[in-house]
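Welcome! Have a look at the structure below, and then we will walk through a few of its details together.

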Amino acid sequence: MTDGEHTDRVQLLSADALRRTVRDIFAAAGCAGDEAARIADNLVDANLTGHDSHGVVRVPLYVDWLRSGFVLAGQTARVVTDGGSFAVLDGCRGFGQTIAAQAVELGIERALEHGTCVVALRNAGHIGRVGAFAETAIRAGLVSIHFVNVSDSPLVAPFGAVEKRFSTAPFAAGVPLPGQPVVLDFATSLVAEGKVQVASYGGKPLPPDALISDEGELSGDPRVLYGDFGSADLRRASSGTGAIRAFGEHKGSGLALMCELLAGALTGGGGSGPVGPEFRGISNGMLSIYVSPSRLGTQDEFERIGREYLDWVLAARPIDPAVPVLAPGQPEERTREARLATGIPLPTDTWTAICRTAENVGAVPSR
Ligand code: NAD
C-alpha cells in the first residue's frame, strides 16, 4: 500500500508496538517465546518493507492454523538427505518462520564450506516474504536463488485457463553487490494472494485485471476469489469460484510451473493440487541454491563488474525524470526507512482483526 492512501481507514502503528502485539499473541497461543518473537519479527519486517500482504494481516489466519493443528509450534526441520553440498529437509509442518530460517542457516553454512549448496525444503508452514531469506544470504556474502510453491493451495489460473492450478509460487534471488545488494522477490501470480486479502480488508484495491472469474471475465473484486464474506470472516480461496491470473502471460505462467515442479515435486513435498478430501492446511516447499563468489574465485570481478554494470543500468534515462530507475530491493529499502521513521500504516479492519485475535487467545495489544 502506498503510505497515506485511504487515510480515513488506516492507522499508523510503530514497528515496536506491532512486534510486541504479535509476539504476545503467538506466545499466548502456545508458541515458545523465541518462536513467537521470530514470527513477530518476520511479519512486521514484511510490513516494514511495504509487503503488507505478508505482514501482520496474516496473524488471525496463522492463529487459526495453529489451533486447527495445520501448523505446529516448536518444530525442528528433519534432515531427510544430507549430501554435504545438498540436503533435503522436512519442515514437519512447523512455523515457516522457524523452519525456513533453519534451512537457510544450513544452506549458508554449507555454501561457505563447499562453495555452493542446494537445499530442498518441504512441508514448512507459511514462510512469508521469501526475499527475507535472500537478504539473510546476502549478509553472509552469498548469491541465492529460491523457487517456492505452496502445496494444497491452487489459486492461480495457468495462461489460457480459468481454473486454479498453480499456487502463487514465488521466486526470489539475491545478489550481494557492495553498497547496493539486489533482491528480486515476487509471486508468479499477477498479485500475491495476500494482496487480495489486504484489498478484502479495505486496503489497497486490486488492479481490475488481477483475477479471472470461472466464466473468463477479468475482475479486481476479492469476492471472485473468496466468494461472499463478512468483515469478520476468514478469507478462504476454496469458497470462491474464480482465480488469480499468472503474471507475464505465458512466460510468468511457465515460471510458476517451474516453481511447482522444483519446490513441490523435486523437494518431495507436493504440488499445489489437486487437493484431497482431507485438507490439512497449506505448506511451503522451497528449492534454494546458494553460491559463494569468494569460493568460486571470482569475488573481485563479480563485485567490480557487477557494481559497474548495475550503476550503468540505474543510470538509464528514466521515462519520468521524477521517477528514478531502481534496482530490485531498493523499493523495500526505501519503504523500510520511511516506515521505521513514521510508522506502519494498517487498515483499521486489519488492526481490528488482530485485536480480536489477541482477545481470543488472552493477549493484550500494545499501542
Ligand atoms: P511485487 O509485485 O511487489 O514485486 C516485488 C519485486 O519487484 C521486488 O523485488 C521489488 O524490489 C521489485 N520492484 C518493485 N518495484 C520496482 C521498481 N520500481 N523498480 C525495480 N524493482 C522493483 O511482489 P509480489 O508479487 O506482490 O510479492 C510480494 C511478496 O509475497 C514477496 O515477498 C513474495 O515472496 C511473497 N510471497 C510469498 C508466498 C509464500 O507462499 N510464502 C507466496 C507468494 C508471494
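Let's begin in a loop: Pro-274 sits between α8 (249-266) and β12 (283-291). Helices (H or I, at least four residues) and strands (E, at least two) are DSSP runs, numbered from the N terminus. A cis peptide bond links Gly-273 to Pro-274, with omega at about -5°. Another loop, the one between β5 (143-151) and β6 (156-157), holds Asp-152. Phi of Asp-152 is near 55°, which is a positive value in a residue other than glycine. For background, most residues other than glycine have a negative phi, and most peptide bonds are trans.

Before going on, a word on the source. This is a predicted model, in which local features need pLDDT of at least 70 and side-chain atom pairs count only at pLDDT 80 or more, while totals for chains, interfaces and linings use all residues. Residues are numbered from 1 along each chain as its sequence is written, and side-chain values use heavy atoms, with hydrogens and water left out.

Now for the ligand. Which residues are the closest to it? They are Asp-185, Ala-187, Lys-195, Gly-329 and Glu-332, out of 23 residues that surround the ligand (a residue is near if one of its heavy atoms lies within 4 Å).

| Residue | Protein atom | Distance to a ligand oxygen atom |
|---|---|---|
| Ala-187 | backbone N or O | 2.8 Å |
| Asn-284 | side-chain N or O | 3.0 Å |
| Gly-329 | backbone N or O | 2.7 Å |

On its own, the ligand has 870 Å² of accessible area, and the protein covers 78% of that (Shrake-Rupley method, 1.4 Å probe). Both β8 (182-186) and α11 give two or more residues to the shell around the ligand, and β8 gives the most, with four residues.

Finally, α11 (residues 330-342) also packs against α2 (residues 33-48), at an angle of about 105° and with the axes 8 Å apart. Axes are lines fitted to C-alpha atoms over the stretch in contact, and angles run from 0 to 180 degrees between N-to-C directions. The two helices, α2 and α11, are therefore roughly perpendicular to each other (65 to 115 degrees). Asp-45, Asn-47 and Leu-48 of α2 make the contact with Glu-332, Thr-335, Arg-336, Arg-339 and Leu-340 of α11 (heavy atoms within 4.5 Å).

Definitions and conventions. Angles under 35 degrees count as roughly parallel, over 145 as roughly antiparallel, 65 to 115 as roughly perpendicular and the rest as oblique. A polar contact is a pair of N or O atoms within 3.5 Å; within protein, one must be able to donate a hydrogen and the other to accept it, and residues adjacent in sequence count only if both atoms are side-chain atoms.
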